[in-house]
Amino acid sequence: MSNRTPKEFLKQFGENRIAIVCLAITVGFIICAIFAPLIAPSNPYDLERLQLTDSLLPVGSKQIAPSQELRLDVNVIEGVGDADGFVTTPCGDGCLEFGPTDVNVDIGSMEIRDLPDGVTVDGAKKHPIRNWWTVIAPENGTVSIVSDTPLPRSFAFKAITETTGLETGFTFYLGSDGFGRDMLSAIIYGIRISILVGIAAAGTAMVIGTLLGLIAAWFGGAVDSIIMRSVDFMLGFPSLLVGLVVLAVLGSGIDKIIFAVIAVQWAYYARTTRSVALVELNKEYVEAARCQRFSSTRIMLRHVLPNCLPPLIVLLTLNVASAISLEASLSFLGMGLPLTEPSLGMLIANGYEFIFSSKYWVSLYPGLVLLIMIIAMNLLGDRLRDMNNPRLNN
Amino acid sequence: MGRDMSENVLQIDNLNTWFHTRQGDVKSVRDVSFDIKAGEVLGIVGESGSGKSVTGMSIMGQIDEPGEIVSGSIKFKGKELTELTFEDMRHLRGKEIAMIFQNPLMTLNPVLRIRDQMFEAIAEHESVPKAEMEERCIKALEAVGIPSPAERLSRYPHEFSGGMRQRIVIATALLHGPDLIIADEPTTALDVTIQAQIIYKVRQLIDELGRAMIWISHDLATLSELADRVMVMYAGTTMEIGTTAEIIGSPRHPYTRKLLESLPSRNTPGERLQQIRGNMPSLVDIGPGCPFASRCDRVTGQCSDAIAKTEVSESHAIWCCNPHPAEDLK
Amino acid sequence: MNQETPIFEAHDLTKTFVVKPDFLAAAAAKLMGKTAASQVVRAVDNISLTLKDGETLGIVGESGCGKSTLARMIAGISDATSGDMKFKGKNYENVLGNTAEALKIQMIFQDPMSSLNPRHKVLDIVGEGPVTHGIIKRSEMREYVTGILKTVGLGEEHLSRFPHQFSGGQRQRIGIARALAVKPELLICDEAVAALDVSVQAQIANLFMDIRAATGLSMLFISHDLSVIRHICDKVVVMYLGRVVEVADTKTLFEAPAHPYTRMLLEGMPKISLERRQFLPIQGEIPSPLDPPAGCHFHPRCQFATDRCQAETPQLKTDDRGGANNCLRYSEIVGVELDDA
């Protein structure tokens, strides 16, 4: 990267088709992240919208509007009774039909209570203790109130009906999770969190780590030792462990996760920057800059830093992928983000219990998306690293 | 041809070595022909991009992807090298043809002792008992002027100075008594006084052993003191070849003349040096015709066509369509 | 500054590098009851020099002689361990403390590839200095840089290019332009033509001479190539292992060298000849600066050496040719031929 103009660089980059695909995928994810509210079919954070009846619906199912319950007091007078939208129809001596006036209304279940003694409902299930009769999905929404003896001319009863939900136009393209959230929307918002954490955390880590590396290289001596021993210390811990400790101390929240990732990643940048800067500081153009009597700050930032960038950018790309992976792991373990604002890791965790009960989509799709995102960024970073390697270039 | 071909150790005819790159074919060596006899030192002089190093590497069979010897013949003691298999070439290398490079730091392995490196060089081609190997190495180091060689064998390369390292490299190259030694700028990185010592030693060895040597350099002055014949290369092709006296004393090619004239020693101190105007052309997909035409004061209409070889005398040949007339350089 | 004040003076300039043994080596030595020694290198050993205004002084020497270290001290980018330097009569501490004064001393480096920042365009490489230090305004930068590029033989089309797009000779020109842009009065050229092809060397050497004629600046020209030195310089200083062994006018040095080392250098220098030359089998390696020979550093390789040469430290003394040299036996050996055996 150091010996090419931007045009030459892009041209050489474009020679590898896989890299272009990965770049397109990554850019796609970034656009997804930025425009999430516009792209997602619904807002998964909106708790009002969630219905438990929507939970664990398979891929492609339509959303069902919640069912409505009607409680009616029906008075039958002289064999005729009616209530809101419902009417009785005699069907013989000991038989009275009760159903909606509009036959098209879909009745999910009808429960008849407080019937006089001896009066039952045809084909209904009786409540074990009380005198309540329930018919599920009655034909035409009509139940038949029957009796062995002729029905009394006037009596009263209570009817509780539940209309089945109607399909709304909303489709769960990727199914829904255990809380009734649309998976597609949740994934899109999850991508947003992943990209945000990845770029913000890796980017901030890069700024902090690079500055510390430059300071270590310039001053040398005790300053160098202190910084580098801190780097060695940080790199000695597995990153997941550091993340867990930081979150345990600081609590949960997206900013705490970003902080945890920074705490892990700054060390890589510091070490890389320091080694490259040490090599660059011995080059003649730095001597020339000192001969031109520039200040140390100017030399480090304007002359040395640009030459340190190629390996740092490779590191950045790979670290964004690594940050996303770390955040997913932390969320999977239940730390970091609240349940109501899930990231991809948490979605995977939530769906974990359902994997073996054939409700695979709850974990599978977030997992696939995470996989593709990390692979794309890693391949992108690999391509940049290969381009940076002078031995692989002619 | 003017010279007697019978004892030619090496004969090169119309060698073409190109590098196939993304930007096009870099034609590093184009139609280069020369030969060399036993006991002779041929100096190849040229600036960067002249193709002198690539010529040496082609002879050694060390042109790797994306380069290839596109055409031409390299006959070593009658054997056609371009037709040899990799294995056959490998057996020749080190035993019958040896190469010495510019930077001894890169030629010597820093983690192996001198003894191990020299033994390896012997063992690769012959199986010889250790005691005899040790004796041969000591003799070789003595011959190049390294004091207390027996003790030095146990040392590592970094314990030697640059001049000593280069002597070790030369000693290693001579272990098998190769018939042809190719030296690519072997003393360029060394100090003047050390350079003089090494050249003296090498010349002595060549005279004693009767080997043939190709000495590649950009320094015409060094070659003039050391070589029997000189070949001048520019931008991948030969300009002129002849004995040292002919090249230095009566050069006919405009480039050779300009090169000599631009040396500080040929100019009055304090005055502007004669310089060659313009720049070397790019070797990428370069056409036929003389590459020096764009910078030549004697350019004519025919210079863009392929240049034929003209023999000025039995030993002196030029590739030019409008050479300087025969007269001595002042 | 009047005519008499030299533009540059150095008195007893010394630079030592101390290589301290590292922590483990020191600990190991302590365990064995010894102290690990620090290695001291006297890269520059009590050097005194004078450069007159408008003069070109050549410094010649082989590896380990300290000429690069000396160059960097004179350029103000490396500190001296002891001794003092004056620029136009003022002490270097004062000069380097004042940016405007310090800018008047500039340096051209050896390697055209690494002396230019590969990430900067030519416009920035040459223009950053003058703009940052207020010599010109940012709005004038483009025009100013184009003008300087023209004086070194480059053009406006080169402004937006990067170093890797140029040849070695062109890069060296950019380096020269960078130095000229801040209007120097003393130019230090550290092997400025060594890494270039012969024909390009001639071009760049001519460029130096043209600039010198146009601006009258003083030059310190460091090289190992005696033929270039002979062509460009008025006076020559010969260095060996950190010490000055000889100073003379160019003509005098080449016609009547005084010090045995100078004579050996001139003998060993490749010269164009019509036939093979009979070389002298001069013995001896250049000693390591870490462990220089006692007394006169050159005595192990010198055919005139006696016990005295090992015991006494030589001093630079003026001689009868109008120059100076530090050979202890000068008066005895002057006129004696160098051995062939």
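The crossing of α2(A) and α11(A) is left-handed. In this predicted model, helix α2 covers residues 17-34 of chain A and helix α11 covers residues 361-388 of chain A. The two helices pack at an angle of about 130 degrees. Their axes lie 8 Å apart. Angles from 65 to 115 degrees count as roughly perpendicular and those over 145 as roughly antiparallel; α2(A) and α11(A) are therefore oblique to each other. On the side of α2(A), the contact is formed by A:I18, A:A19, A:C22, A:L23, A:I25, A:T26 and A:F29. These residues meet A:I372, A:M373, A:A376, A:M377, A:L379, A:L380 and A:R383 of α11(A). By class, the contact of α2(A) with α11(A) has 12 nonpolar residues, one polar and one charged.

Helix α6 of chain A packs against α7(A) and against α9(A). Helix α6 spans residues 239-250 of chain A, and helix α7 spans residues 254-281 of chain A. Their packing angle is about 140 degrees, with the axes 9 Å apart. That angle makes α6(A) oblique to α7(A). The crossing of α6(A) past α7(A) is right-handed. From α6(A), the contact draws on A:S239, A:V242, A:G243, A:V246, A:L247 and A:L250. From α7(A) come A:K256, A:F259, A:A260, A:A263 and A:V264. The residues of this contact of α6(A) with α7(A) divide into eight nonpolar, two polar and one charged.

The packing of α6(A) with α9(A) has an angle of about 55 degrees. Here the axes are 10 Å apart. Helices α6(A) and α9(A) are therefore oblique to each other. Their crossing is right-handed. The contact is made by A:S239, A:L240, A:G243 and A:L247 of α6(A), together with A:L326, A:S329 and A:L330 of α9(A). By class, the contact of α6(A) with α9(A) has four nonpolar and three polar residues, and no charged ones. A:S239, A:G243 and A:L247 are named in the contact of α6(A) with α7(A) and also in the contact of α6(A) with α9(A).

Chain A as a whole has 11 helices and 12 strands. Its radius of gyration is 34 Å, well over the 21 Å that the globule rule gives for 394 residues, so chain A is more spread out than a compact globule. Along its principal axes, the C-alpha trace of chain A spans about 115 × 45 × 35 Å. Chain A is divided into two parts: domain 1 (6-59 + 176-392) and domain 2 (67-164). The centres of domain 1 and domain 2 of chain A, taken over C-alpha atoms, are separated by 63 Å.

Chain C has 13 helices and 12 strands. A compact globule of 341 residues would have a radius of gyration near 20 Å; the 22 Å of chain C agrees with this. The C-alpha trace of chain C spans about 70 × 60 × 45 Å along its principal axes.

Chain C is in contact with chain A and with chain B. The contact between chains A and C takes 16 residues from chain A and 21 residues from chain C. On the side of chain A, α8 (284-291) and α9 (296-332) are the elements that give two or more residues. Helix α8(A) gives the most, with six residues. By class, this side of chain A has five nonpolar, six polar and five charged residues.

The contact between chains B and C takes 40 residues from chain B and 34 residues from chain C. On the side of chain B, the elements that give two or more residues are α7 (162-174), α8 (192-209), α9 (220-226) and α10 (244-249). The largest share, nine residues, comes from α8(B). The side of chain B that touches chain C has 17 nonpolar, 17 polar and six charged residues.

Two backbone features complete the description. The peptide bond from B:E65 to B:P66 is cis, with omega near -5 degrees. B:P66 has its place in the loop between α1 (52-60) and β4 (67-76) of chain B. In chain C, phi of C:N46 is near 55 degrees, a positive value in a residue other than glycine. C:N46 is found in strand β2 (residues 39-51) of chain C.

Definitions and conventions:
Residues are numbered from 1 along each chain as its sequence is written. Chains are lettered from A and ligands numbered from 1 in the order in which they are written. This is a predicted model: local features need pLDDT of at least 70, side-chain atom pairs count only at pLDDT 80 or more; totals for chains, interfaces and linings use all residues. Two residues are in contact if their C-beta atoms, placed from the backbone, lie within 7 Å. Helices (H or I, at least four residues) and strands (E, at least two) are DSSP runs, numbered from the N terminus. Ala, Val, Leu, Ile, Met, Phe, Trp, Tyr, Cys and Pro count as nonpolar, Asp, Glu, Lys and Arg as charged, and the others, Gly among them, as polar. Axes are lines fitted to C-alpha atoms, for helices over the stretch in contact, and angles run from 0 to 180 degrees between N-to-C directions. Angles under 35 degrees count as roughly parallel, over 145 as roughly antiparallel, 65 to 115 as roughly perpendicular and the rest as oblique. A crossing is left-handed if the near helix is turned anticlockwise from the far one by less than a right angle, and right-handed if clockwise. Domain bounds come from an automatic or database domain assignment. The radius of gyration is taken over C-alpha atoms; the globule rule is 2.2 Å times the number of residues to the power 0.38.
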